[in-house]
Amino acid sequence: MTVALTPRRRASRRLDNFVLRWHARLDSDWSDHSLPWIIAGVAFVLLSALALARERMIENGFDLAVYAQAAWQLGHGEGSFLTSVGHSLLDLHGSFAFFPLALLSRLPISLTKLLLVAQAAALAYGVLPLWRIARRTVSLRIGATTALVAAYLLHPALHSVNLADFHPEALAIPALLAMAYRGLSGSTIRYAATTLLVLAIAAEYALLVAGFGVLLVTIGRRRLGLATASLGALWMLGALRISWLGAGDGEFLYRRAFAPYGDNAAQVIGHWLAHPFDTLTRLGAHRNLELAIYLLLPLAFLPLLGLRYLAPALPWLFLVAMADVPENVRRTYLLAGALPFLLLAAAIGLGKLGRPTLERFSVHPVVVAALVLASLVFFVDMAPSSPYAAPWSWGSRDQIDEARDEALETVDSKDVVSATQRLLVPLAERTGLHLYRQGEQPPADTDVVLVDPFDLLDLGQSPAAPPPTPTGFDKLSEDHGVYVFRRSRP
């Protein structure tokens, strides 16, 4: 006697059969070799196009100008001291990995474009180690793996990093994912190479390396874990004490990020321990809850199921939560180091929700669909390149852009320039570069001062009122609020 299936059961069975057929077709060596590269290639095109469109509108800020100046100086043998920030390149974050990137400055291409494309390439390349973690380390099937990769590429933090100028920390996202994969898969030599690469990208990431070493100890790789934790701890201590390892002006994470607690690491930690109630109050502030939602909801809270694998990033996230920094900084490159561990924990979480089969873990299609839907919804709601921001219209030019171009043409390649942050970026390829703040006298070696009206708006000033002429300068031109002042001739 056969039992008639209800329409709901028939639809469910058809869906299961459809998913199984496609899994059988895609769960192959061809998919593992080709599909991640295809996805990464498409992601690179989209991410680089968004970053370059924003650059074309002259919407970038001070940080891109700093690293463009650094790349130009290194490529032209002018040393690593940056007039834009007043100290050496290595003092910024101890980024040794930036030096070989700077050699590309000899290519006949704009340095700002080169840096933005390199950053987009690194973010897109993160697909490859993430794919290997999901497929080889966690043994997920193709559907769950693709959903996890989609969640990575749609995560608002990824797009915020991509559009927040250029920062070497962004280059560490694929390196940290590769470090996690090699550390968990048993390839010691390759693991050591990726670990050293992470340290060379940003000295502050030694904290993440040390935390990952502790994780390796807890999962049974005791010797490798102890070596990793020791290396990370020593590198981090060195970075706090030695300027060219990343201490710079004695700050950590961001300039004066922990000034409310003390002047050095010992004072800051001592303040937190001596005032536990204040520390917990600040840690539980509403903006930190919003930051946790910003990180976890696009991944459907899956990282909480693999909390042990998220643990290496918790000290870093604690510092980000306690740091006295602007919100746009907290949500961009300061989160770059935590994102790989969130993805690693999410992969582990998917594995825990999966049902073991002969070769892999099969995750229910409802869970996979929930992850994709959460990623898509929060990309639309939170990402700076959301459809609500109309990114398809980026790159257009208006009269103010034309006025900026005309102002830039008045500057000679040998001039020492002081400019507000938007106009610093296209002028960065020179040794003499300073950030100009209205009301302050530019440095004595300045030849030209440029002021952009939108920078005045960002500072809460009215662009309608003409900026005061700096002492010793003459107004050379003014067009749509873009001012050029040149030093008076004796």
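1. A helix pair to begin with: H10 passes H20 in a right-handed crossing (right-handed if the near helix is turned clockwise from the far one by less than a right angle, left-handed if anticlockwise). Helices here are DSSP runs of H or I with at least four residues, numbered from the N terminus. Please keep in mind that this is a predicted model, where local features need pLDDT of at least 70 and side-chain atom pairs count only at pLDDT 80 or more, while totals for chains, interfaces and linings use all residues. Residues are numbered from 1 along each chain as its sequence is written, and side-chain values use heavy atoms, with hydrogens and water left out.

2. The axes of H10 (residues 168-185) and H20 come within 8 Å and cross at roughly 40°; axes are lines fitted to C-alpha atoms, for helices over the stretch in contact, with angles running from 0 to 180 degrees between N-to-C directions. The two helices are therefore oblique to each other (under 35 degrees is roughly parallel, over 145 roughly antiparallel, 65 to 115 roughly perpendicular, and the rest oblique). On the H10 side, Ile173, Leu176, Leu177, Met179, Ala180 and Leu184 meet Leu339, Pro340, Phe341 and Leu344 of H20, contact meaning heavy atoms within 4.5 Å. By class, this contact has 10 nonpolar residues and no polar or charged ones (Ala, Val, Leu, Ile, Met, Phe, Trp, Tyr, Cys and Pro count as nonpolar, Asp, Glu, Lys and Arg as charged, the others, Gly among them, as polar).

3. Thr279, Arg282 and Leu283 of H15 meet Phe318, Ala321 and Met322 of H18. The residues of this contact divide into four nonpolar, one polar and one charged.

4. Which residues of H16 are buried? In this helix (residues 286-296) they are Asn288, Leu291, Tyr294, Leu295 and Leu296, where buried means under 20% relative accessible area, exposed over 50% and partly exposed in between (1.4 Å probe, protein chains only). Their cover includes H9, H15, H18, H19, H20 and H21.

5. H9 is mostly covered, with eight of its eight residues buried. Among them are Pro156, His159, Ser160 and Asn162. In the loop between H9 and H10 lies Asp165, which has a positive phi of about 60° although it is not a glycine. Asp165 is buried, at a relative accessible area of 9%. Ser139, in the loop between H7 and H8, also deserves a glance: its phi is near 60°, a positive value in a residue other than glycine.

6. Leaving aside residues up to four places away in sequence, Tyr152 touches Leu123, Gly126, Val127, Leu130, Leu158, Ile173, Leu339 and Leu343.

7. Lastly, Val367 is found in H21 and is partly exposed, with a relative accessible area of 26%. Val367 touches Leu350 and Leu353, again not counting residues up to four places away in sequence.
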